[in-house]
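Here are my notes for your first look through this one. Have the sequence and the 3D view open side by side, and take the points in order.

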Amino acid sequence: MASLLVVPRRTPSALRAIVQPAATRSLSTPAPSPQASTSTSSDSPSEPNTHYRITLRRSAISLGERKKGTLVALGIHRRMQTVYHLHNPETAGKILALKELVEVENVPASAVRTKTEQKWERKAPRGFVVVRNSIPQRS
Amino acid sequence: MFGAFRPTASVSVGLLWKTPWRLSRTRKANVRDRLKKVDAVIEAVRASGVECGALARALELPKEHEMDPKDKYTVFSPHDRGYRKGIHKVPKFTRITHRVNPKGF
């Protein structure tokens, strides 16, 4: 008779994992400090501002297909979405076409975040980080 | 019978739609806020150092603190007495730039 593999049931008390309180999530680079003003952020001499940080604050509903097309061109799909674009005259013109709807800030290249990175920074931390488990984990 | 857009009933005497002829002080404060926000956007684009035709035209617009209150809260209207009407009568006035009116009106 083949021996059955008995797996011990895991109870909450048995899982004596040693946990630590977690800080905010961070993906790769640390998040920019919340000291930037609305129009331009302070740049140290070594970090020139190279990007526009564009956030849609008011929708373009019933403003016509041209303005909606400008939003599509900027890559903005919904209100409160933030996108980053390099400084160039094309983007400047698009921003000025939507100047009543949009909030703009000049940021350095280190502050640019992709969609995934922004989502990661928005997520609330778990409240703990598992440092090690007293029970050997199944590999 | 209820709602924003009610038909005028033949039985009742007058109009069922009423808007005030001028903005309240709250609305005026909001108008000033919106103008300042647009000024901030134009300033951010100017500070980026990029040059384009749209920026040249935007910089010709008066800033909020340079504007007359008359221009902030009313627009030129050829049909009204005094040739001015409240800016809140302009469709989508909260999302449109209207700072300059014909000279002398």
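What percentage of the residues in chain B is made up of buried residues? Of the 105 residues in chain B, 28% are buried, where buried means under 20% relative accessible area, exposed means over 50%, and partly exposed is in between (1.4 Å probe, protein chains only).

1. Ground rules. This is a predicted model, in which local features need pLDDT of at least 70 and side-chain atom pairs count only at pLDDT 80 or more, while totals for chains, interfaces and linings use all residues. Residues are numbered from 1 along each chain as its sequence is written, chains are lettered from A and ligands numbered from 1 in the order in which they are written, and side-chain values use heavy atoms, leaving out hydrogens and water.

2. Layout of chain B. You'll find 3 helices and 2 strands here, and from the N terminus on they run α-α-α-β-β. Helices (H or I, at least four residues) and strands (E, at least two) are DSSP runs, numbered from the N terminus.

3. Salt bridges. Side chains of opposite charge can pair when their charged atoms come close. A salt bridge here is a side-chain nitrogen of Lys or Arg within 4 Å of a carboxyl oxygen of Asp or Glu. Over all chains, the structure holds 10 of them.

4. A pair in chain A. Look at A:Arg53 and A:Glu105, which form a salt bridge with their closest N and O atoms 3.8 Å apart. A:Arg53 is in strand 2 and A:Glu105 in strand 4 (residues 102–108) of chain A, so this pair ties together parts 52 residues apart in sequence. A:Arg53 is partly exposed at 27% relative accessibility, whereas A:Glu105 is buried at 10%. Chain A also has a salt-bridge network that links A:Lys67, A:Lys99 and A:Glu100.

5. Two pairs in chain B. B:Lys72 and B:Glu64 make a salt bridge, with closest N and O atoms 3.0 Å apart. Both ends are buried: B:Lys72 has 9% relative accessibility and B:Glu64 has 10%. Next, B:Asp71 forms a salt bridge with B:Arg84, again with closest N and O atoms 3.0 Å apart. B:Asp71 sits in helix 3 (residues 69–73) and B:Arg84 in strand 2 of chain B, so they tie together parts 13 residues apart in sequence. B:Arg84 is buried as well, at 13% relative accessibility.

6. A buried arginine. Where is B:Arg99, and is it buried or exposed? B:Arg99 lies in the segment after strand 2 (84–86) of chain B, and it is buried, with a relative accessible area of 4%. Its side chain reaches two backbone oxygens: that of B:Leu35 at 3.2 Å and that of B:Pro62 at 2.8 Å.

7. Positive phi values. A:Ser62 isn't a glycine, yet its phi is positive, at about 60°. You'll find A:Ser62 in the loop between strand 2 (49–56) and helix 1 (65–74) of chain A, partly exposed at 43% relative accessibility. B:Lys92 is another residue other than glycine with a positive phi, near 60°. B:Lys92 lies in the segment after strand 2 of chain B and is partly exposed, with a relative accessible area of 33%.

Definitions and conventions
A polar contact is a pair of N or O atoms within 3.5 Å; within protein, one must be able to donate a hydrogen and the other to accept it, and residues adjacent in sequence count only if both atoms are side-chain atoms.
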